[in-house]
Each structure stands twice: as structure tokens, then as C-alpha cells.
Amino acid sequence: MSKRNTTSNKRKEPESPTESPKTKRKLPPRSPAWNVFTRLEKDENRCSCNYCGKIYSCNPATCGTSNMNTHMKKCKAYLDHVESDSQNVLVSSGGRTSGAGMIKPFDQNVCRQATVKMIIIDELPFSFVENDGFKHFCEMAVPWFTIPSRRTITRDAVGLYRAEKTALKTILSRNRQAMSFTTDIWTSITTLSYMVITAHFIDMDWQLHRRIISFSPIPDHKGETIANQFLRSLDDWGIEKVFSITLDNASANDKAITVLKERLSNRNSDALMMNGDFMHIRCCAHILNLIANEGLDDISKSIISVRNAVKYVRSSNSRLESFKRWVEVEKITRGSVVLDCVTRWNSTYLMLKSALKYKVAFDRMADMDKPYDAWFKELDSNGKKRKGPPMAIDWDKARHMVRFLKAFYDSTLAFSSSIKVTSNGCYNEICKIQSSVQSMAFSDDSDLRDMASSMKVKFDKYWEGTEKINKILIVAGVLDPRRKMVFTMFSFELIYGKGNPKCIEMKELVMGVLEKLFKIYSVRYANSNLQSSVARDGENVTQVHQDSESVEVDNIDDPFLKFMVAKKTSLEVVDELQKYLKDELHVTTENSLGLPFDLLDWWKTNSSKYPIMSLMAREILAVPVSSVASESAFSTGGRILDQYRSCLTPDMVEALVLTQDWLRAALRSEAMKSLDNLEEENKFLDSLEEEFNPPSPTEKNTIP
């Protein structure tokens, strides 16, 4: 091996002040290659490698640094130096370490893995690594990174999918709780139908998780087929317990639920909670959409007038510019009006909301803009005169409509959240919608009364008098320490009237479900404690499963021990449930960081106070009230399986969709951990402050 050239990378300064700068050019090296090469003192048009001594031409007039960059990828001495622990530093252009003083080691495998994750997360084609732009970027940023081929990236993507799936299976096997699911079916651009299944659960650290576990082709939309596909997915993941399944209102889904109840019950007596009586959750967002569309079927003349005004503005650039001038004249905050899709009520709400903001500009156009006025006098495509322009009464009706639809819009957002618990507030949102429809039924506007009447018919079909609502959604509201049974009784009295016997009947019905659930979880809790006790003390139990969550009371041989377990369970059913319901409501709306109240954090903090109730909360609060989590996978599938990548196999599509979901979930989890660490640090600092600054005797006396 040649002797390493240790000459300094900096050239000498002129020896005397009189030396002309033109005799020697002293341009600073700019390419990263100059961190590895040094110009020769005798000939500055030639340079040598600092590690192996090989000499290359570097005359800027005839050649660049490509030959040096190529050498860096092959020089064994340099590559050994890069991989060594002592000088293993990524150097950016200019010789600085990447990051703010942070030394980051280079690793070919880590960079290759990061490239695969980038392609999956950002939905890039596998051929992206062969694009000239990406090659140029790598050459400038990390010239020693050997770019993998598209075939290598494809193999790595499949390998990453398998590794992530194995890791997720390990997490689910440790969790060993009843899980909730959402599912839906989508037809791709290739006309092949895919069924997506998303699992929802809360882990031992009280973090809500949503993971897509299947995105597989399905031959038809029949209930039997849906059930079979769902069971195959459970078998693939080793999931034995199902708490709930959230689906839309297709008739095939009702058949699928019936089949699943029968099949799962035959497999395992513990596979379903309460024999699956509350397993089927109808997608609340879908029901809300049906109710709203029912009311907007016969939309009023006033709404059509506003829509035509917006349509005129959005029909050409010249009309839009004219409208913007009137907006500036009236000194309205800059923005834009949006045209709705007539089949989507939420887009109509957003159109009316944005148009009302520019009402004054539309009025000025009606008075001063002759083309605008003339357009409304023309005939539409059906040969009828266009409705409009909107008058004062039309704007007034639009304002009432926006106020009415806002309740639907806000509830849809509450139902559709996939990053926070939704089951605890579901019943509250349903009550809001019912109250809004009932109040609108007494409106002075006949159009709004007719709309409310149509909506009430559809509302009663799914949610009439709370009797048709899945009682798990009401129980989930009770598990919110800010509401408990107080809110539930308030809602019953609001619906049926205070003192109505129906209120007492509904209260007893909900309490009956709550007590049955609590008794089931009490047995689990008592048996799990017994299992720990027996495992420690060596008591005689027929079978102890170290990895199981429960040991049946009937398996206990000792009669006295069996009696004590049953007695303990009975006492806990009465004591802890009643204690939780009788304790004061939680009224604090912020945590120590000033953030909104976190329900899961409250249960995490109070799980030792209510151990059995916390077991209930972990499974019930994980129930999703809409299938939006699964439907969002179709957007990803549509982007991955577009017209340019329609040749991807179903297995590859599933691998890409699932892996992207898991990787993005990991990124969200890291962000949440940072927030949790900040909150824990804040609590620690508060405790230190209390320790070193205890309250004075006067302050102690004032504390209630």
C-alpha cells in the first residue's frame, strides 16, 4: 500500500506581501472530494489521495472532480477509514459535520434501509433510485453510498414488510386482549376488489394504536365471503378475541356479522364479549351522511341561488379576477369561495360558509357588474332561467343552513378521528344531532322544517330514542370521568322528559350492561391475581398458563380458595364500580402542559385506583365509531396502484400499504413519546419546586 499523503489540504499563503495574486490562483476547494484529495505542491493541476496516494489530474480548465469521486467509492484505504470508529464521520460540503455539532456515522446498510423506507412512506416507484436526480443528490450528499438497483429495493421492501409484520405480531401476542376492528371493501383501477381490515387497541402504556393488518383481494361482496376473509386474517395474525367490528350499513355486512358470531363462538367461548351481542358497530359517520343527504335531497331555491353565484365566479379566470377586485374594494380578508359537489352535503356546507364571508362582494357585483346580472337572465342547459342572484332573504336562509349543518360537520369530524379515542364522545354527538334536528323542526322557515322532518325519519331508523344505539357506545361515555352516569341520565331526561318512566327503564338497561361487563372483567382480574399468587406460592391449581390472561375459577381444586375468589370478585363488583360512579366528576380541562384533557392519560394515572374499571376502559375505549380508518387506506391504495403501476401484484400492493401504515405509525409514536417525556419532565420539575419551596403555614391553613 502506498504511503498516505499527509500534506495539508490548505495551500501556502504568499511568502511576501508583494507577491501578485495572479501568479498563483488560490480558489478554495468546493467539492467534497477535497476532503479526501490534496493538490500537489509542485503541480497544482494534479492531486493525490490522502489515503492511498494515487494521483489524478485536477486542472479546472480541462476536468472536474468526477474522477476523484469515482475513486472515493473504490479506494479500500479510504473506505476502511470511513468505517473505522475513530474517524467515522459524515462530512458535508465545506468540511463540517452533518447536523449541529453532531457526529453521525456512515453505514451502507442503514442508508439503504432508509432509502427503502423513504420509497414506501412517500409512495415512490421502485425505479426512483435509478433516476438521475436521485443519483446526483447522493453523489453530492453521500458520495460513498452505493445506490441499490430497483430490484434490490424491491427485495428490501418485501424483507422490511416481513420484519415489521413479525414485530407487530409480537406486540399483539403480548397484548392478549380483545381487539376492535374496522373493515371495508374498495374496487381498484384494475377492477380488482380489495378488503381492508384495521385493528384498534390500547396498549399497556395506554397508547391508542391503529394498524392495518390486511389489504387483500376479495372475489365478491357477499356476507359469507367477507366473514371468511376476516377469519383468515385473524388466523394469520393469531388473534383469538374480538370485541367489536365497525362496518357501514351494507346488507352484506349484517350477514357477515351473523356468520362471524357463529364461527367465533364455536372456536372459543372467550372469543366474543357477552356472546357478541354488542360486537356490531354501525359506522356513525356513514349514518350521519345518510341523515344529512336525506335532508338536502330537495334543496331550497335560496341554496341554489348561492350555488349559481359561486359557479359564476369560478367559471373563468376573468370573472374570478373581477370578483377579487370587489373583495379588495370592500376590504374583505383575502380568500376564496369553493364550489360544492351536489352529492356531498359537507361540500355544500363549506360552500355556503365561504360564500357568506363574501356576501358584501356578491351584493356589489349584483349592483355594479353588468355581465354578472346578465348571466342570471340567461337560460341554463335545461332551457330554464337560472335561479339568482341571491337576495337578502336567500343569504338569511343560507346563514340558518350553515348554523344547522355545522352540528353535522363537527360531529363528522369527531366520529372520523383516527388518532384519538372516539367512543367516549359518540353518544354525546348523537344527542347533539337529535337536539339540532328537533329544534329545526320548529323553525319559521318552511324549507328548514321540511328538511328537519326528512332527517328525523332517517335518524329514527338508526338511532331512535337511544334504543337502537349499541349500548357499548353509551357505556363508553360512562367511562369518561367528566360525564359518567350523570351525563347519561341528563340525556335520557332531555329525550324522554324529566320524570318519564322511560328514563328509569333506560338507566336500568345501561346499568345492567355495565354491571355484566364489570363482572366479566372482575373475574379476569381476580383470576389473573390468583394466577400470580399461585405461581409465587406454589398453590395447587389444575393448570397455570404463564402467558394467559385468565385462569377459570372452575379449575381451582381447593374449595376454600375457590370460595374466596368468588367472594372477592363479588365484593369488587359492588365496591369498585359504585366507587367510580359515586366519585366526583373530573372537571379539569387541561393537563400540566396546558394541553386539552387526555382521557387515556387519566386512566393510566388512575388504573391503580380502579384496576378492574381500567381493564374495561382499555378495551371499550378502543372501539372506533366509524370505518374512516379503513377507508383512508383506499386513498393510499389508489395512489400506489395508479395507472402507471397497475402491474403490481396484489401481494406487493398489500406489502406496500401495510408497511407504509406501520412506518407512519412508528413516526407518530416517536412524536407522542417526545411529548410524554416533556410532560413527565414538567411534573418532575413541579415536584422539585414543591419540595424545595414548601407552602408556608398560612398557605397550608388556606388549603381546603
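Over the face of which residue does Arg 483 lie? Arg 483 lies over the face of Phe 487, at 5.6 Å from the ring centre.

The model is predicted, so local features need pLDDT of at least 70 and side-chain atom pairs count only at pLDDT 80 or more, while totals for chains, interfaces and linings use all residues. Residues are numbered from 1 along each chain as its sequence is written, and side-chain values use heavy atoms, with hydrogens and water left out.

**View 1. Charges over rings.** A charge sits over a ring if NZ of Lys or CZ of Arg is within 6 Å of the ring centre and within 35 degrees of the ring normal. Besides Arg 483 over Phe 487, the charged end of Arg 386 sits over the ring of Trp 375, 4.0 Å from its centre.

**View 2. Aromatic pairs.** Rings of Phe, Tyr and Trp (its six-membered ring) pair if their centres lie within 6.5 Å; planes under 30 degrees apart are stacked, over 60 edge-to-face, and the rest tilted. There are 28 aromatic pairs in the structure. Phe 404 and Phe 408 are edge-to-face because their ring centres are 5.4 Å apart and their planes stand at 70°. These two residues are four apart in helix H14, which means about one helical turn separates them. Phe 404 has 2% relative accessibility and so counts as buried (under 20% relative accessible area, with exposed over 50% and partly exposed in between; 1.4 Å probe, protein chains only). Phe 408, at 0%, is also buried. Trp 603 and Tyr 610 make an edge-to-face pair, 6.3 Å centre to centre with 65° between the planes, and both are buried. Ring pairs also link Tyr 312, Tyr 372, Trp 375 and Phe 376 into a cluster.

View 3. Strands (E, at least two residues) and helices (H or I, at least four) are DSSP runs, numbered from the N terminus. Strand S5 (residues 193-202) pairs with S6 in the antiparallel sense over nine bridges; pairing requires at least two DSSP bridges. Met 195 has Ser 216 in S6 as its bridge partner. Five residues lie between the strands of this hairpin, and in the turn Trp 206 has a positive phi of about 60°. Eight of the ten residues of S6 are buried.
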